[in-house]
Amino acid sequence: MDTIHIRGGNALFGETRIQGSKNAALPVLAAALLIEDTCVIDNCPRISDVHHMLMLLEGIGCKISRKNRSVTIDAGRVSDDIMSGENVTGMRSSITLLGAMLGRVGEITMAYPGGCVIGVRPIDLHISALRKMGVEIEEKENCFAAKARKLEGTVIRLPFPSVGVTENVILAAVGAKGITVLQNAAREPEIVTLCEFLRKAGAVIEGIGGSVLIIQGGHPLHGVRFQIPADRIVAGTYLMAAVGVGGHVFLKDAPSAQMQSTIKAAEQIGAEIAVSEDGLSVLSEKRKNPIAYLRTEVYPGFPTDMQSLIMPVLTTAEGISVIEETVFEDRLRIVEELKKMGACIEIQKKCQAVIVGAESLHGCEVSARELRGGAGLVIAGCMAQGETLVKNRHFIERGYEDICRDLQNLGVTIYTG
Ligand code: UD1
């Protein structure tokens, strides 16, 4: 039941539309908590992480209604009930509710957030940044309580440009008194989207898109209608599927401006990419060049989320490729599964994968252990000869509306069962 079946080996042709971005939608939904009015969020992807976030918002009193991909949130009344249960522990991004609740009601008690098993993923940087704004945080065994008697803007310099910490500081700072200067902020496109949403609602934020953000807290916010942009990682997934198998596809609405490092890597492998206003086309042959060295980096570098999506492609390149993961310390779990399919990969120093291109992959039963690794196995299944069964489909559904539908649009024989 929780499995995806793929009959691989055939080139991809056709067009598929790219869904709204998970990593943009989640913080925007959390940000709606700061607004006592009604907000409408359009192009919100129908994925399980969004469902969990909406359940959490409902749990603290927000009125939510959904029509197709439009979500209406009325956060007129919000309680400070304890947030716990699977919706918190199963999803890392529930942590953005910390900043939003501090900005709105000044306190929150929540279980430690969970999410994909791709490393330790502590919340120490969230805690130290918010403490600088006057937040008192008490860490208990299964949950933590954060309270701000007076939430005040200040100067915060992040030791690492964490996406989640940047989002939390922005959310708290919008509700704080005075000016917050956030230095070494993350510059991922999803941060820009969050700032644009808040700015549309009346917040005053300068430096959007840069590594220093200046946020004037305390401005009144009003309800807005806002469109979530397309998902650069989902677009990158189908781009890599086309590069891995060969073919000619059009990815409608793909946000190519945000995908430069992914596009560059695909071109190194040998694909021809054409960017147009309404999307991106990929023309690729079965023959693939290796990439001598590729490292994951914060934006605009090569995204860590794309690492397990490019790895299957390189397993059948004509030569040796090296991928180094620098953002998460344990994000190479897909390797063991790819080896079952005939890939020749060796892990060095825990974070470096040396991939020796094989003639081909063969279908077999493999298991997804996390979201992007699971999607990587689907790409491998599209490339492999014979049938592949990817188990634990629920991990993939955290971030993909319907990976089978999208790949069927590109001619792949793929179905759930
Ligand atoms: C977000 C994305 C995720 C992406 C990642 C990096 C969402 C919902 N998720 O995750 O898809 O892979 O950015 O682009 O947007 N760290 C600490 N202490 C902290 C916080 C983070 O050590 O308090 C470490 C993490 O363990 C990790 C690194 O910093 O090694 C990057 O994490 P961060 O940028 O915070 O990623 P997320 O916001 O969790």
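These legends describe close-up views of a predicted model. Residues are numbered from 1 along each chain as its sequence is written, and side-chain values use heavy atoms, leaving out hydrogens and water. Because the model is predicted, local features need pLDDT of at least 70 and side-chain atom pairs count only at pLDDT 80 or more, while totals for chains, interfaces and linings use all residues.

**View 1. Helices α5 and α6 pack together.** Helix α5 covers residues 124-132, and helix α6 covers residues 163-175. Helices here are DSSP runs (H or I, at least four residues), strands are DSSP runs (E, at least two), and both are numbered from the N terminus. The axes of α5 and α6 lie 9 Å apart, at an angle of about 30°. That makes α5 roughly parallel to α6 (angles under 35 degrees count as roughly parallel). Axes are lines fitted to C-alpha atoms, for helices over the stretch in contact, and angles run from 0 to 180 degrees between N-to-C directions. From α5, the residues in contact are Leu125, His126, Ala129 and Leu130. They meet Gly164, Val165, Asn168, Val169 and Ala172 in α6. Contact means heavy atoms within 4.5 Å. By class, the contact of α5 with α6 has 6 nonpolar, 3 polar and no charged residues.

**View 2. Helix α6 is mostly covered.** Of the 13 residues in α6, 11 are buried (under 20% relative accessible area; exposed is over 50%, partly exposed in between; 1.4 Å probe, protein chains only). Among the buried residues are Val165, Asn168 and Leu171. From first C-alpha to last, α6 reaches 19 Å, close to the 18 Å expected at 1.5 Å a residue. The expected span is 1.5 Å times one less than the number of residues.

**View 3. Thr166 sits in helix α6.** At 0% relative accessibility, Thr166 counts as buried. Beyond its neighbours within four places in sequence, Thr166 is in contact with Leu158, Leu182, Ala185, Ala186, Ile191 and Leu213.

**View 4. Asn184 lies in the loop between β10 and α7.** Strand β10 spans 179-183, and helix α7 spans 189-200. Asn184 counts as partly exposed, at 23% relative accessibility.

View 5. Asn409 belongs to the loop between α14 (403-408) and β23 (413-416). At 39% relative accessibility, Asn409 is partly exposed.

**View 6. A cis peptide bond joins Tyr299 to Pro300.** Omega is near 10° at this bond. Pro300 is placed in the loop between β17 (294-295) and α10. Helix α10 (residues 307-314) is mostly covered, with 8 of its 8 residues buried.

**View 7. Asn43 and Lys349 have a positive phi.** Most residues other than glycine have a negative phi. For Asn43, phi is about 60°. Asn43 lies in the loop between β3 (38-42) and α2 (48-59). Asn43 is buried, with a relative accessible area of 10%. For Lys349, phi is about 50°. Lys349 is found in the loop between β19 (344-348) and β20 (352-356). At 66% relative accessibility, Lys349 counts as exposed.

How values were computed:
Parallel < 35°, antiparallel > 145°, perpendicular 65-115°, else oblique. Nonpolar A, V, L, I, M, F, W, Y, C, P; charged D, E, K, R; others polar.
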